[in-house]
Amino acid sequence: MGKTKHTGPVKLSKKPDPNLWSSKVPFGLGKIKPHHIRDTMKVVWENRDNLPYATRILTKGVCDGCALGVQGLKDQTLTGPHVCTTRLNVLRLNTMSAIKEDVLHADIDELRKMSSTELRKLGRIPYPLIRRPGENNFSRLTWDEALDVIAEKMKALNPKQYAFYSTSRGITNESYYTVGKVARYLGTNNVDNASRICHSPSKTGLSRSLGIGASSCNYKDWIGTDVLVFWGSVAANNQPVSTKYMYAAKRKGTKIIIINPYHEPSMDNYWIPSIPESALFGTQIADDVYQVNIGGDIAFMHGIMKHWFDMEEKEPGSAIDHQFVAEHVNGFEELKAKATSYNWEQLVSSSGISKEQTIALAELLAKSKSAVFVWSMGLTQHRFGTDNVSQVANLAMLRGFLGRENCGVMPIRGHSGVQGSGEMGADPFVLPGGPMNENGRKRVGEVWGFDIPDWQGDIVGVSLENTLLPEDHERKLKLYYMSGGNFLETMPNPDFVRQCLENMDIRVHQDIIFNTSTFVDAKEAVIVLPAMTRYEQPGGGTSTSTERMVYFSPEIKGPRIEEARSEWEIYVDLAKRVKPEESHLIDFKDADAIRDEIAVAAPNYNGIQHLNEDNTVFQWGGAWLCEDGICPTPDGKGSLVTVELPELRKPEGHFYVTTRRGKQFNSMIYGEKDPFNDADRFDVLMNKIDGKEHQINEGDAIVVYNHHGTFNGRAKFVSVKSGNIELHWPEGNELIPKGVYEEHAGIPEYNTAVIVEKAETYYAHKDTKYVEKRVEELETEMS
């Protein structure tokens with residue numbers, strides 16, 4: 001790990017720079033853009049019943065939105081206050097009062113008519129609830145009754161027949177650590193978390209390439225780097241405060257490159273509300289945009305490397321940092337052979353990027369002395385996501401963009417707590433501080449005082465599928481304990497997910513609010529447990545940001561949901577009821593005790609035990625992982641990993657589809673209109689040229705379909721790569737195949753081939769074999 005320490009926030013220049021302005025028209029009047037002032041006023045109105053508490057949360061708590069790591073109104077990157085609409089939108093989740101009893105116990109069919117957005121507005125879950133087969137509403141339980149029902153069921157099951165899942169919004173490291181420990185204490189390795197469906201390939205790819213599982217650098221490294229590349233990331237929409245870092249980088253002369261199938265408006269121009277100059281005239285973010293095919297990133301990166309090797313043939317040292325490669329990298333010759341084996345026709349066809357464009361970016365990077373590569377789900381949510389990430393690491397290693405200032409690789413995280421989930425061991429493949437191999441089990445087992453099961457636990461998707469196994473199968477999932485999450489709206493193929501949820505004996509929803517999955521039936525019981533938010537947790541809690549900053553968020557005085565309990569406390573109480581004879585092995589007297597144990601079980605987190613209201617943050621690993629090129633691998637070197645061009649499986653004349661986020665925070669939708677392009681939730685974003693070829697006009701009702709499902713929407717013409725379309729997530733998930741997981745990290749595939757037709761054509765032939773024939777042709781051509 002690195003020895004250099006983070007040097008703290010820097011000041012922004014207050015002198016205007018008109019060269020960066022998006023428009024000379026004040027406040028972007030007349031343009032499609034977010035209305036930050038209006039949205040802020042709306043949040044103030046929503047929280048009017050608890051404004052003092054809301055203010056304390058904003059000024060004292062660590063943000064429970066994305067993983068930038070804003071603490072109060074400050075961060076470690078730039079001086080001055082930071083707040084964004086993402087954080088403001090989720091604020092109401094913390095200040096709401098309890099759901100009214102007449103609504104809480106209403107007829108289940110009435111509750112099922114409500115969307116998750118409507119359910120979220122009902123308020124907080126006030127006390128434990130249960131609903132059994134044939135019952136039309138939830139009934140109240142005491143905590144003892146609820147936990148005894150769950151415990152008795154667990155006692156009757158093989159530990160391979162139950163599983164734990166933990167989402168990311170607002171969950172603390174203490175809760176992740178406890179659920180991972182409790183699962184193993186109860187004899188199961190079936191414990192997973194929300195990173196499985198977003199950034200698990202980042203951890204897996206970086207681990208095999210560099211021996212690390214997190215960002216190697218900091219947000220400060222954006223400011224002053226020669227080139228900042230966003231690969232499949234719309235940070236301006238999903239991590240809005242990051243636009244301030246982009247602005248600061250532009251002021252330092254950084255070139256910002258966007259690589260994405262859709263020329264996202266928010267990454268082109270952005271009005272940053274907390275910077276007066278930008279709030280008035282906007283900021284031009286992107287210097288150049290490369291519109292790659294969905295899934296074409298590996299080919300694009302191979303093209304960049306191919307040109308680098310061509311440059312080296314003509315002038316050694318013109319593209320490759322040979323000293324860095326010789327001292328710190330393995331696999332150079334193998335990668336060179338792979339990258340040069342492809343011809344330009346293959347690379348251009350797969351990537352969708354011309355040879356000339358590829359060469360332009362290759363030469364820009366070759367001439368740059370520093371670069372930071374940032375990516376998100378555009379790279380990870382593929383069946384080859386780990387290869388995508390390793391390919392980014394290949395680029396960084398060949399140029400020596402690693403382990404020093406203004407250089408690095410950064411998977412930017414969208415949940416405030418998700419970086420810590422795997423690092424705390426809430427994952428079937430890892431334990432606190434390292435992988436769940438024989439050495440790991442022995443090391444952590446000595447800390448915990450009990451043996452850790454040696455069988456491989458299941459990822460979330462497989463756990464769901466295991467509900468459909470034969471009744472006597474040892475891995476048939478019969479009880480699922482979920483802390484947050486809504487698989488109906490996050491996993492592919494929601495109809496199949498519903499079938500899985502219904503096929504469990506007992507389903508436990510530990511949460512602060514209802515969502516649509518709460519009302520799905522179960523064979524024996526659906527149990528709902530009211531949890532505290534991170535701001536209510538006695539003794540405070542910690543979360544880990546994208547840049548590995550571990551922040552302390554204190555307990556904040558304010559109104560409370562009387563029967564809500566801290567998540568880690570609920571897990572411990574349950575474990576004691578299942579195995580009371582060894583309860584001393586799982587007991588924690590308070591949050592401080594958990595942090596003390598984390599520091600021992602996860603050595604990187606040594607320092608967490610000292611966090612409190614006076615000592616609020618530390619960064620594990622130092623400013624840069626792999627500092628000076630030395631990786632935490634057996635030989636201290638990184639590995640250049642050769643990867644194949646993926647088969648995109650898109651027949652000629654059809655489309656490849658992916659999903660995107662609109663005005664939402666992950667699956668929580670806050671507006672029907674996207675503030676950057678005015679698209680509604682059921683618009684199909686497509687290229688105008690593709691529309692013309694298929695006799696589709698803008699605004700036409702169209703149908704997108706394949707073997708997995710059917711999506712009804714309207715055509716909206718945008719600057720998206722021809723042959724590719726985009727739908728909003730989660731609405732578009734009904735087109736995504738079930739049971740397709742990335743080989744190394746287990747992330748579901750969120751991209752597939754589809755047919756697009758005018759609705760009148762589709763429905764005119766609905767009573768014939770036409771549609772079935774088209775789907776059959778699609779499947780045959782893909783095979």
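Student: In strand 4, which residue is the bridge partner of Phe-164?

Tutor: This is a predicted model, where local features need pLDDT of at least 70, side-chain atom pairs count only at pLDDT 80 or more, and totals for chains, interfaces and linings use all residues. Residues are numbered from 1 along each chain as its sequence is written, and side-chain values use heavy atoms, with hydrogens and water left out. Strands (E, at least two residues) and helices (H or I, at least four) are DSSP runs numbered from the N terminus. Strand 3 (residues 162-166) and strand 4 run parallel, joined by 3 bridges, and the partner of Phe-164 in strand 4 is Val-191.

Student: Which are the edge strands of the open sheet?

Tutor: The sheet has 7 strands with mixed pairing, in the order 2-1-17-16-15-3-4. Two strands pair if DSSP finds at least two bridges between them. Those that pair on one side only are strand 2 (139-140) and strand 4 (191-193).

Student: Which element gives the largest share of the lining of the largest cavity?

Tutor: A cavity is a set of points on a 1 Å grid over the protein atoms alone where a 1.4 Å probe fits but cannot get out, and lining residues have an atom within 4 Å of a point. The structure holds 5 cavities of 30 Å³ or more, and the largest has about 350 Å³ of space, a volume being the space filled by probe spheres set on the points, which are joined across faces, edges and corners. Helix 10 (235-238), helix 18 (377-380) and strand 22 (655-660) each supply at least two lining residues. The largest share, 3 residues, comes from strand 22.

Student: How much space lies in the second largest cavity?

Tutor: Helix 3 (85-95) gives the largest share of the lining of the second largest cavity, 3 residues. Helix 10 and strand 23 (664-665) also each supply at least two residues of this lining. The space in the second largest cavity is about 170 Å³.

Student: Is Lys-758 buried or exposed?

Tutor: Lys-758 lies in strand 29 (residues 752-758). Beyond its neighbours within four places in sequence, Lys-758 is in contact (heavy atoms within 4.5 Å) with residues including His-694, Asp-700 and Ile-702. Its side chain reaches the backbone oxygen of Gln-695 at 3.4 Å. The cut-offs are under 20% relative accessible area for buried, over 50% for exposed, and partly exposed in between (1.4 Å probe, protein chains only), so with 19%, Lys-758 is buried.

Conventions: A polar contact is a pair of N or O atoms within 3.5 Å; within protein, one must be able to donate a hydrogen and the other to accept it, and residues adjacent in sequence count only if both atoms are side-chain atoms. On a 1 Å grid over the protein atoms alone, a cavity is a set of points where a 1.4 Å probe fits but cannot get out, and a pocket is an open set with protein on both sides within 12 Å along at least five of seven lines; lining residues have an atom within 4 Å of a point.
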